[in-house]
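Please open the model in a viewer and keep the sequence at hand.

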Amino acid sequence: MKETLLLTKHMRENPEDSHSLKSYEKNGGYESVKKVLKSGTPEEVLQEIKDSNIRGRGGAGFPTGVKWGFLAEDEERYLVINGDESEPGTFKDRILLERDPHQLIEGMIITCFAANISKAFIYIRGEYAKPARRVQSAIEEAYEKGYLGKNIFGSSMNLDIVVHLGAGAYICGEETALLNSLEGRRGEPRLKPPFFPAVKGLYNKPTLVNNVETISSVPWIMSNSGKDYSSLGVEGSTGTRIFSLSGHINNPGNYEIEMGSSFGEFVDTLGKGVKNKAIKAYIPGGASAPWLRGDQLDVKMTIDDVANEGSMLGSGAVVMMDEDTNLVLAAKSLVSFFAHESCGQCTPCREGTTWLENILERVASGRGRLSDIDLLLDVCDNISPGLTWPPKMTTICPLGPSATASIVSLMKDFRSEVEVLLPKKVVIG
Amino acid sequence: MSWETERLEKAKQIIEMYPQKRSALGPLLYLAQDKDGYISNESIVEISGLIGITEVQVQSVASFYSMYKQEPTGKFLLSVCKSISCEISNSSDVINSVKNFTGLSNNETDDENFFTYESVECIGACGGAPAIQVNYETVEGLTPDKAVDLCKWLKEEEPEIVVADELQDKFGGVKSFDWAIADNNGATSPVPGFQTYDTSKEKK
Ligand SMILES: Cc1cc2nc3c(=O)[nH]c(=O)nc-3n(C[C@H](O)[C@H](O)[C@H](O)COP(=O)(O)O)c2cc1C
Ligand code: SF4
Ligand code: FES
C-alpha cells in the first residue's frame with residue numbers, strides 16, 4: 001500500500017520552504033486560480049466540485065458541491081474555514097496550515113470566486129499558535145503580491161482574509177458554535193433550523209463553513225478536474241484523505257491515501273505495525289466514533305464501510321490500542337473530554353457527561369458498584385435513546401450523544417474488563 | 001490600570017478587520033491577557049468601552065473559554081495533554097513528573113508567579129504523544145524525565161521568548177510529522193504567540 005499525494009506532495013518534496021509563496025509558485029501554485037479567474041465562471045467551478053464528489057473532511061462528510069449549491073443569495077456572504085481541529089487523535093489540519101498555507105489560500109480564493117464572496121475568515125484553534133503564524137505570514141505575502149485585497153490577479157475580484165484564533169473550546173469546531181465564537185459570543189451551538197449556516201450564518205448572512213482539508217483540495221481539483229479527482233478512491237469516498245494515525249503504533253503520522261483499503265493494511269504498511277502486539281481495539285474516526293475491535297481490521301477505510309460497522313470515519317483520526325491497553329481508563333479519558341468540552345446548554349449533555357465521568361472514575365479506581373454497568377448505560381440512554389449509531393439526538397448538537405460512543409463500545413465488546421473491577425455478586429439464600 | 005496607547009492602537013486595528021465590532025472580542029481578550037497574564041477587571045472595562053457591549057457580556061464570554069484565564073498566570077504556562085492518544089502513551093507519568101517538580105496541582109500557579117500547571121485536552125500532537133505546550137508552543141514525544149529537564153531549563157534560562165522548535169530540539173522525541181524548517185518565532189507571554197494585529201485589509 002502506497003500513499004497518493006495530492007495535498008501533501010508539495011510539502012513532502014520541499015521540506016525546507018513549502019510554506020513560502022516562492023516554493024508554492026515554483027511548483028505550480030496559484031496557477032489554478034489564475035486560470036479560473038481568467039477564463040472560468042463560478043458555475044464551472046461549482047460543476048467541477050460537484051463532479052469530484054468530494055465530501056467534507058471536517059467529520060460530517062457532507063458533499064461539498066451540494067453545500068455550495070445551498071448557499072442562499074445575498075449581497076453579503078462569507079466563507080469561514082474551520083481550522084478548530086480539536087477532536088482527540090486528529091492532527092491533519094495542523095500540517096496543512098503549518099506546511100502549506102498557500103494551498104489553503106488558493107483554495108479559498110477559488111471558493112470565494114465560485115460563491116461570489118469577498119470576505120473570508122480562517123478560524124484556527126488558539127493552541128495552534130505556530131500554524132496560525134504560518135498562515136498569517138502567508139496571507140501577508142499574498143497581499144503583497146496582489147493575490148488578496150482589491151482586484152486580485154488584476155481581475156475585478158476583491159477578497160480579504162482574516163485569521164481568527166479560537167480560545168480553547170472544542171465545541172467551537174461545531175460550525176454554528178464557531179460562528180457564534182467568531183461573532184464574539186460564547187461558543188454555544190445554534191439550533192438548526194433555522195440556523196443552517198448556508199442560509200443564516202455569520203451575522204445571520206449566508207455563510208459557507210468548510211474544513212481546512214476540504215478547501216485545500218480545491219486547487220488540485222481545479223488544476224486537474226473533478227472527474228480526475230472522483231476517479232481516485234471509491235464511490236462515495238472519492239479522492240484522497242489525510243489520516244492521522246496515533247496510539248500504539250510504530251510509525252505514527254499523517255498519511256494521505258485513497259480511501260478504500262483496509263485499516264489492517266494501513267496499519268501494517270504505512271504504520272509499520274503495532275509494537276509486536278495484537279490490537280485490542282481501535283478508534284476509526286476520532287474520539288466521537290465508536291470503537292472497532294482488533295478482529296475488525298479488515299474493515300475498509302471508506303465513509304460507508306465504517307458506517308456499516310456502526311461507527312464513523314469522522315475526522316480521519318485512527319487511534320490504535322494494543323492488548324495491554326486498559327480500556328476502562330481509555331473510556332474514562334474520552335468521557336472526561338466530552339464532560340469538559342460540553343458547552344452546557346442541554347441538560348442531557350451537561351449532566352449526563354459529568355455523571356458518566358464520575359461513575360467511570362469510581363469504577364476505574366475500584367470503588368465501583370454492581371449496578372454501575374446498568375447505570376452507565378442508563379445515563380447513555382438518556383443522552384441518546386436506544387444507543388444506536390448514528391446516535392439519536394436529545395440535544396442541540398451531536399457532542400452529547402458522541403460521549404456515549406466509548407461507553408457503549410466498552411460494554412458491548414469488552415464488558416468483562418469492567419466487570420472485574422466491580423464487587424462480586426452476593427448470592428442470597 | 002487602563003491600556004497604554006500602543007495597546008489601544010492595536011485594539012483599534014483589530015476592530016477594523018471585522019464587519020462587526022463585537023467579533024474583535026476574542027482577539028482583544030488575548031491583548032488583555034498579554035498585558036496582565038489574565039483577564040483583569042480593568043481590561044474588561046476597557047474592552048466593553050471599545051466594542052460597545054456591557055462588562056457582564058465581556059465577562060460571560062471570557063469565562064466560557066479555557067484559554068482566557070480568570071486568575072493571574074505564571075510566566076510559563078505548562079499544559080500537558082491527557083486526551084486519548086496521550087493517555088494510552090503514559091501521559092499520566094509525564095503529568096506526575098511535572099506536578100512533582102513544580103509542586104503544583106491542576107490550574108495552580110506557584111508563589112513566584114513563575115509556573116502555572118494545567119492538564120488539557122488534545123493539542124493536536126497525538127502522533128507525538130505524550131505532548132505538552134509551554135505558552136502554547138508544542139513539544140512532542142516527551143518522557144517524564146525530559147519533562148523535568150524542560151521545567152529545569154525554563155527555570156534556569158527564563159527565556160524571553162518560547163519557541164516550539166527550540167524546545168522540541170532540546171527536549172522532544174517522536175513527532176506527529178516532519179516539522180521541516182524551524183520557526184524562530186514564539187510566545188512572549190502565556191498567550192499564543194500570534195500577531196494578527198499588524199495585517200489588515202488595507203494592506204496591499
Ligand atoms: C462537536 C463537533 C466538533 C466539530 N469539530 C470540527 C473541527 O474541529 N473541524 C471541522 O472542520 N469540523 C468540525 N465539526 C464539523 C463542523 O460542524 C462542520 O460540519 C464542518 O466544519 C463542515 O466542513 P466540511 O463540510 O468541509 O467538512 C465538528 C462538529 C461537531 C458536532
Ligand atoms: S449537546 Fe452538549 S455541547 Fe452540544 S449544544 Fe448541547 S450542551 Fe452544548
Ligand atoms: S491526544 Fe494528546 S495531543 Fe492529541
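Begin by selecting E166(B), which is partly exposed, with a relative accessible area of 31%. The side chains of K170(B) and E166(B) form a salt bridge, with 3.3 Å from N to O. Both residues belong to helix α8 (residues 164-171) of chain B, where four positions, or about one helical turn, separate them. The coordinates under view are those of a predicted model.

Is D165(B) buried or exposed? D165(B) has a relative accessible area of 10%, and it counts as buried because that value is under 20%. Leaving aside residues up to four places away in sequence, D165(B) touches K130(A), W179(B), I181(B), A182(B) and D183(B).

Now extend the selection to R94(A), E98(A), K130(A) and E140(B): together with D165(B), these residues are joined into one network by salt bridges that share partners. Side chains of opposite charge can pair when their charged atoms come close.

**The chain A part of the network**

Zoom in on E98(A) and R94(A), whose side chains meet in a salt bridge of 3.5 Å, N to O. The pair sits in helix α6 (residues 92-99) of chain A, four residues apart and thus separated by about one helical turn. E98(A) counts as buried, at 1% relative accessibility. R94(A) is buried too, with a relative accessible area of 3%.

**Another pair in chain A**

Move to helix α1 (residues 9-13) of chain A, which contains K9(A) and E13(A), four residues apart, about one turn of the helix. Their side chains meet in a salt bridge of 3.7 Å, N to O. K9(A) is partly exposed, with a relative accessible area of 40%. Over all chains, the structure holds 39 salt bridges.

**A loop residue in chain A**

Select E183(A), found in the loop between α9 (175-182) and β4 (207-211) of chain A. E183(A) is buried, with a relative accessible area of 8%. Which residues does E183(A) touch, not counting residues up to four places away in sequence? Its contacts are R190(A), G201(A), L202(A), Y203(A), N204(A), R22(B) and S23(B).

**The nonpolar core**

Select W291(A) and L28(B), which touch the most other members among the 149 residues of the largest nonpolar core. Then highlight helix α7 (residues 101-115) of chain A, which gives the most to this core, with nine residues.

**The surroundings of ligand 2**

Select ligand 2 and display its shell. How many residues surround ligand 2? There are 13, of which the closest are C343(A), Q345(A), C346(A), C349(A) and C397(A). By type, the shell divides into eight nonpolar residues, five polar and no charged.

**Confidence**

Finally, colour the model by pLDDT. Chain B has a mean pLDDT of 94, and 95% of its residues reach 70 or more. Over residues 198-204 of chain B, however, the pLDDT is below 50, and this stretch has 18 contacts in the model beyond near neighbours in sequence. Where pLDDT is low, the predicted coordinates should not be read in detail. For the model as a whole, the scores are ipTM 0.96 and pTM 0.97.

Key: Residues are numbered from 1 along each chain as its sequence is written. Chains are lettered from A and ligands numbered from 1 in the order in which they are written. This is a predicted model: local features need pLDDT of at least 70, side-chain atom pairs count only at pLDDT 80 or more; totals for chains, interfaces and linings use all residues. Side-chain values use heavy atoms; hydrogens and water are left out. A salt bridge is a side-chain nitrogen of Lys or Arg within 4 Å of a carboxyl oxygen of Asp or Glu. Helices (H or I, at least four residues) and strands (E, at least two) are DSSP runs, numbered from the N terminus. Buried means under 20% relative accessible area, exposed over 50%, partly exposed in between (1.4 Å probe, protein chains only). A nonpolar core is a set of buried Ala, Val, Leu, Ile, Met, Phe, Trp, Tyr and Cys residues joined through side-chain atoms within 4.5 Å. A residue is near a molecule or strand if one of its heavy atoms lies within 4 Å of it. Ala, Val, Leu, Ile, Met, Phe, Trp, Tyr, Cys and Pro count as nonpolar, Asp, Glu, Lys and Arg as charged, and the others, Gly among them, as polar. pLDDT is the predictor's confidence in each residue, from 0 to 100. Contact means heavy atoms within 4.5 Å.
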